[in-house]
Amino acid sequence: MQMTSNSFILRPAGIAAAFTLIAAMAHPSAHADSTVYKCVDKNGRVEFTDINKSGCKALDLPGYIPAPPQAARPNPAPSPAVTMRQGAARPAGASPSNFPRVDTSTQRARDDDRREILNEELRAEEKKLADLKRDFNNGEPERQGNEKNYAKYQERVAGMRDDIGRAEKNVEAIKREIANTR
């Protein structure tokens, strides 16, 4: 095996050593500073290096995590405290000038359709909540034939209580969404 500055060239006798090196680099506790390339020259000699030359291929080593690039990254813009959904004004230049626009009457029709769909969902969720509360019977639902064991009955009552809580949260969420429509 012959060492050069950032690479080594394998002779036929050194192939086993190369596989050992690759296995060591692939080991989770091994660390590397850059990508490893496998190069084959015109004489068929294999070279492993951290310098990308013509005819070299980057090795996909399992468990190997390359170091992040050294170039300084600009800081991302701070996220706004208020989202569009919460009623913030659209930032200037938020959409490009060639962005497709919808005329006012079409948008109004879409908003009306959305509001109607939300109202239908609200009615369905309120009906579901009323049915759940009726079946719950103030915490004492009728026992079913398969509930001779009191623990099974208590488990069903707890499930009903959870279902009612979810339905109430759904109703509140739909009402908030309706209030946010234009």
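**Hairpin and salt bridges in a predicted model**

Strands β3 (residues 37–40) and β4 (residues 46–49) run antiparallel and are joined by four bridges; strands count as paired if DSSP finds at least two bridges between them, while helices (H or I, at least four residues) and strands (E, at least two) are DSSP runs numbered from the N terminus. This is a predicted model, in which local features need pLDDT of at least 70 and side-chain atom pairs count only at pLDDT 80 or more, whereas totals for chains, interfaces and linings use all residues. Residues are numbered from 1 along each chain as its sequence is written, and side-chain values use heavy atoms, with hydrogens and water left out.

**The β3–β4 hairpin**

- Val40 has Val46 in β4 as its bridge partner.
- Five residues lie between the two strands of the hairpin, where Gly44 adopts a positive phi near 85°.
- Arg45 and Asp41 form a side-chain salt bridge at 3.1 Å, N to O (a side-chain nitrogen of Lys or Arg within 4 Å of a carboxyl oxygen of Asp or Glu).
- Arg45 is partly exposed at 31% relative accessibility (buried is under 20% relative accessible area, exposed over 50%, partly exposed in between, with a 1.4 Å probe and protein chains only), and Asp41 is partly exposed at 31%.

**Salt bridges in helix α2**

- The whole structure holds 10 salt bridges.
- Asp131 and Lys127, four residues apart in helix α2 (residues 104–136), or about one turn of the helix, form a salt bridge whose closest N and O atoms are 3.2 Å apart.
- Lys127 is exposed at 53% relative accessibility, whereas Asp131 is partly exposed at 24%.
- Arg134 and Asp135 meet in a further salt bridge, at 3.3 Å, N to O, and salt bridges with shared partners link Lys127, Asp131, Arg134 and Asp135 into one network.
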